[in-house]
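Here is a report on one protein chain. Please look through the sequence and the model before reading on.

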Amino acid sequence: MAKRMMLLVNPNAGKAGFHAVLADILHVLCDGDWLPTVVFTKYAGEAPGIVTRHACEFDMVTCLGGDGTLSEVAAGMMRLKETLRRPIGYIPLGSTNDVARTLGISFKPVEAAKALLTGSPIHYDIGQFGFDSYFTYVAAFGAFTEVSYGTPQETKQALGHLAYMLEGIRSLGKITDYHAIVEYDGGVVEDDFIFGAVTNSTSVAGMVRLGSERVNLSDGMFEVLLVRKPADILAVSDILTSVLSTDFSGPNVLFLKSSEVRFMFRENVAWTRDGEDGGSHRDVYIINQHPGVEIIV
């Protein structure tokens, strides 16, 4: 008997769109003894509710979209009891696809669909952001974080990853610092920071690569990157070198591992979650929800 799959499609993801690949993907899945039911999202933020209400009707929930679409599917799954959660398939169709890069999933949608037929589920830790929000691979504040959700969708579709780089260059003159107290497993640090990220990924924004030797996706631990306010232009150069080379031995960039992180600011600070607007917060408590969800790789 064919297995049932919800194929949740974000029609706005990616610069190529879903039109060119959807028929081929359905053909691959049907040939692989899956019975897909296609569901199109109509607006951002709709997918979690769809998944929470209907995931139990299927053997797998697969999303065709970008990291933001995957994030919404995972959030919907996390609202179910662990015993009711279904494996998640991911067919990338976004602009950056950090999670696909981390998991080694093909950026070619039809090839990614074929891999679902022979792949196996792995546990992927999910971050709980505050009381009822979730993220899959990164929650961040400060320099460049507004780029991911501030870049117009049509620009992302037209230029792909180049759009993020262009918007990042434009934002250089707007970098500000935030005084924060950061509590983590076994320690606390207080300073002025221009950037902070809590991640579970080897790739962030397609540019920062942490490497598999630093990251275990299912160990119950986050990787935390904090960038101090640079004192001068030499410090800026040191920061760029540290981040791009992932050498965090210098004084300006802190690299920590922690299962829980709390950020306390003097004012509301804008955050992003998986490249989307995460709201403004003065006090943020982030918990690693291990074992999270299962993703087919």
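## Basis

The model is predicted: local features need pLDDT of at least 70, side-chain atom pairs count only at pLDDT 80 or more, and totals for chains, interfaces and linings use all residues. Residues are numbered from 1 along each chain as its sequence is written, and side-chain values use heavy atoms, with hydrogens and water left out.

## The chain

The chain has nine helices and 15 strands. These are DSSP runs, numbered from the N terminus: helices (H or I) have at least four residues, strands (E) at least two.

Of its 297 residues, 51% are buried. Buried means under 20% relative accessible area, exposed over 50%, and partly exposed in between, with a 1.4 Å probe and protein chains only. The accessible surface is about 13,400 Å². Carbon and sulfur atoms hold 55% of that surface. Areas come from the Shrake-Rupley method with a 1.4 Å probe; for residues, only the protein chains shown count as cover.

Contact means heavy atoms within 4.5 Å. Among contacts with a separation of 6 or more, 72% join residues 24 or more positions apart.

## Helices H2 and H3

Helix H2 spans residues 47–54, and helix H3 spans residues 67–78. They pack at an angle of about 40°, with axes 7 Å apart. That angle makes H2 oblique to H3. Angles under 35 degrees count as roughly parallel, over 145 as roughly antiparallel, 65 to 115 as roughly perpendicular, and the rest as oblique. Axes are lines fitted to C-alpha atoms, for helices over the stretch in contact; angles run from 0 to 180 degrees between N-to-C directions.

From H2, Ala47, Pro48, Val51 and Thr52 take part in the contact. They meet Glu72, Val73, Ala75, Gly76 and Met77 of H3. Six of the contact residues are nonpolar, two polar and one charged. Here Ala, Val, Leu, Ile, Met, Phe, Trp, Tyr, Cys and Pro count as nonpolar, Asp, Glu, Lys and Arg as charged, and the others, Gly among them, as polar.

## Thr69

Thr69 lies in H3. Its relative accessibility is 7%, so Thr69 counts as buried. Beyond neighbours within four places in sequence, Thr69 contacts Leu8, Asn10 and Cys63.

## Backbone points

Most residues other than glycine have a negative phi, and most peptide bonds are trans. Asp33 has a positive phi, near 70°. Asp33 sits in the loop between helix H1 (22–31) and strand E2 (34–40). At 42% relative accessibility, Asp33 is partly exposed.

The peptide bond from His290 to Pro291 is cis, with omega near 10°. Pro291 belongs to strand E15 (residues 276–296).
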